[in-house]
Amino acid sequence: MKFTKITASIGPNCEDKKILTEMVRSGVNVCRLNFSHDTGDVQGVKIDMVRSISKKLGTPVAVMIDIQGPKHRIGDFKTENHYPLKIGQKFTLDTDETPGDEHRVYLPDMDVMKSLSVGDRILLNDGKIELKVDAVFDDKIETTVIRGDEIWSRRGFNLPDTDVDTDILTDKDKKDLEYAITKNPDFVALSFVQCAEDVANVRDFIMTRTSHPIKIIAKIERPNAVKRITDIATAADGIMIARGDLAVEVPFEQVPAISRHIIRECRKLNRPVIMATQMLSSMVHSEFPTRAEISDVANAAYLRADSTMTSEETTIGDNPVNVIETMNKILAYSDKDTIENPYDWSRIDNVPENDWSRSVSSMAHLNKAVAIVVFARDTDIATQISCRRPDIPIIAVCDEDVTANQLCLLRGVFPICDKYLFGQRDAFNSARQFGIGVGKLVIVDDDKISLRTLE
């Protein structure tokens with residue numbers, strides 16, 4: 001029984017219902033659908049498929065839609081389509097829509113033009129090219145090449161020093177989100193969040209269109225988001241550490257420390273956190289992961305992340321089921337490694353000793369309980385207990401599918417949607433569904449906490 005969950009990105013190589021069913025059987029808890037790559041109606045078919053598989057297997061599975069966000073791109077170049085940029089040369093980004101060359105290229109985003117300042121950096125080709133802004137005009141940005149490489153048409157770029165004054169939702173995002181809301185997803189992941197206000201704006205957008213309780217996951221990809229992690233995590237319902245863009249915008253050696261800091265901050269604030277990007281990337285074409293990748297997945301479990309995530313490994317990988325089986329094995333073993341992964345509820349900074357969820361975890365630990373059973377009207381109680389990271393399962397009995405689905409993301413939480421068990425407050429039979437036949441149970445029912453023995 002693994003405690004750390006698996007969020008799997010769903011793409012061309014795992015859209016077959018048989019393959020996706022085997023992935024869920026092998027350990028997938030959350031299915032991520034990336035709206036950067038497919039239109040809403042195509043993604044809608046996948047959402048229906050996930051719901052069908054979940055019902056068939058009798059296993060809660062969450063659906064997360066990932067909105068593209070304001071991804072900035074340069075324009076096109078002339079017939080060559082790409083040019084080398086050399087260190088020290090001058091290069092201009094401007095409002096001229098004609099194809100560019102080795103001296104200039106079109107910059108479609110006026111929001112970027114207005115936001116850049118002298119000294120700011122512009123990173124292209126995943127950071128292989130670095131431009132430093134020398135001068136800012138109404139119709140152009142003059143730069144010097146600090147780090148050179150070939151520059152290609154329509155490449156995205158990153159602005160690590162700049163807060164871009166732009167809406168978190170582009171026109172495409174609004175259209176995608178409008179459609180996705182009709183399919184009642186469990187989570188919406190927001191790309192390129194810069195501040196808590198971005199999260200609030202999207203929440204308002206959703207709440208004016210549906211009463212379905214969709215939770216918002218803020219993706220941390222920018223240095224300014226790292227600096228504002230407390231405010232952003234407080235505004236959101238969870239955090240994704242998107243290490244791909246993050247490692248472009250901050251020095252790569254800082255990413256592990258930043259990840260650790262974010263995980264601990266989320267635990268203080270009772271927010272789940274997902275570790276993402278290149279966790280088993282060699283398995284796009286390889287049957288086995290590298291030793292470093294094995295350690296990376298295990299380290300996410302040791303750091304007590306709620307979930308690890310696959311990207312290309314499952315969307316375009318040769319064997320998505322093998323990827324999930326491999327990740328599941330690593331997590332299951334690492335979660336049980338009590339030497340490297342000690343019970344540490346007492347070491348979380350700024351969690352008061354009289355915090356009720358900490359008391360529940362302490363009670364379970366001191367009485368050597370085999371499980372905590374929570375009767376969950378919503379996700380709040382189970383989330384708070386999960387963030388204390390007890391070393392035993394948290395069985396969450398729900399009466400609504402959406403509650404059970406959303407609890408799929410939380411570390412150590414095993415949801416059941418059963419109206420009868422919920423109505424009868426039947427903790428014993430709930431525990432037996434997970435193979436627990438004997439031992440002490442800590443039972444949480446609203447504000448009532450009790451200790452009972454299952455024999």
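This is a predicted model: local features need pLDDT of at least 70, side-chain atom pairs count only at pLDDT 80 or more; totals for chains, interfaces and linings use all residues.
Student: Okay, let's begin with helices. At what angle do helix 1 and helix 2 cross?
Tutor: The axes of helix 1 and helix 2 cross at roughly 55° and come within 10 Å. That angle makes helix 1 oblique to helix 2.

Student: And is that crossing left-handed or right-handed?
Tutor: The crossing of helix 1 and helix 2 is right-handed.

Student: Which residues make the contact there?
Tutor: From helix 1, you'll find K17, L20, T21, V24 and R25. Helix 2 brings M49, V50, S52, I53 and L57.

Student: How many of those are nonpolar, polar and charged?
Tutor: The contact of helix 1 with helix 2 has six nonpolar residues, two polar ones and two charged ones.

Student: What about helix 1 and helix 12, how do their axes cross?
Tutor: Helix 1 covers residues 17-25 and helix 12 covers residues 320-335. Their axes cross at roughly 5° and come within 9 Å.

Student: Why are helix 1 and helix 12 called roughly parallel?
Tutor: Angles under 35 degrees count as roughly parallel. Helix 1 and helix 12 cross at roughly 5°, and they are therefore roughly parallel to each other.

Student: Which residues meet in that pair?
Tutor: I19, E22 and M23 in helix 1 meet P320, V321 and I324 in helix 12. By class, the residues of this contact divide into five nonpolar, no polar and one charged.

Student: One more pair, please. How do helix 4 and helix 5 pack?
Tutor: Helix 4 (residues 171-181) and helix 5 (residues 196-207) pack at an angle of about 45°, and their axes are 10 Å apart. These two helices are therefore oblique to each other. Their crossing is right-handed.

Student: Who's in contact in that one?
Tutor: On helix 4 the residues are K174, L177, E178 and I181, and on helix 5 they are V202, F205 and I206. Five residues of the contact of helix 4 with helix 5 are nonpolar, two are charged and none are polar.

Student: Let's switch to single residues. Where is T310 found?
Tutor: T310 is found in strand 16, which runs over residues 307-310.

Student: Buried or exposed?
Tutor: T310 counts as buried, because its relative accessibility is 0%.

Student: What does T310 touch?
Tutor: Leaving aside neighbours within four places in sequence, T310 is in contact with T7, A8, S9, V323, I324 and M327.

Student: How far apart are V373 and F414?
Tutor: V373 and F414 are 9.5 Å apart in space, C-alpha to C-alpha, and 41 residues apart in sequence.

Student: And Q43, where is it found?
Tutor: Q43 is found in helix 2, residues 40-57. At 1% relative accessibility, Q43 counts as buried. Setting aside residues up to four places away in sequence, Q43 touches L33, N34, F35 and D38.

Student: Last topic, backbone angles. What is phi of N184?
Tutor: Phi of N184 is near 50°, a positive value in a residue other than glycine. N184 is found in the loop between helix 4 and strand 12. N184 is partly exposed, with a relative accessible area of 32%.

Student: And what is phi of R389?
Tutor: Phi of R389 is near 55°, a positive value in a residue other than glycine. R389 lies in the loop between helix 14 and strand 18. At 1% relative accessibility, R389 counts as buried.

Definitions and conventions
Residues are numbered from 1 along each chain as its sequence is written. Side-chain values use heavy atoms; hydrogens and water are left out. Axes are lines fitted to C-alpha atoms, for helices over the stretch in contact, and angles run from 0 to 180 degrees between N-to-C directions. Helices (H or I, at least four residues) and strands (E, at least two) are DSSP runs, numbered from the N terminus. Angles under 35 degrees count as roughly parallel, over 145 as roughly antiparallel, 65 to 115 as roughly perpendicular and the rest as oblique. A crossing is left-handed if the near helix is turned anticlockwise from the far one by less than a right angle, and right-handed if clockwise. Contact means heavy atoms within 4.5 Å. Ala, Val, Leu, Ile, Met, Phe, Trp, Tyr, Cys and Pro count as nonpolar, Asp, Glu, Lys and Arg as charged, and the others, Gly among them, as polar. Buried means under 20% relative accessible area, exposed over 50%, partly exposed in between (1.4 Å probe, protein chains only).
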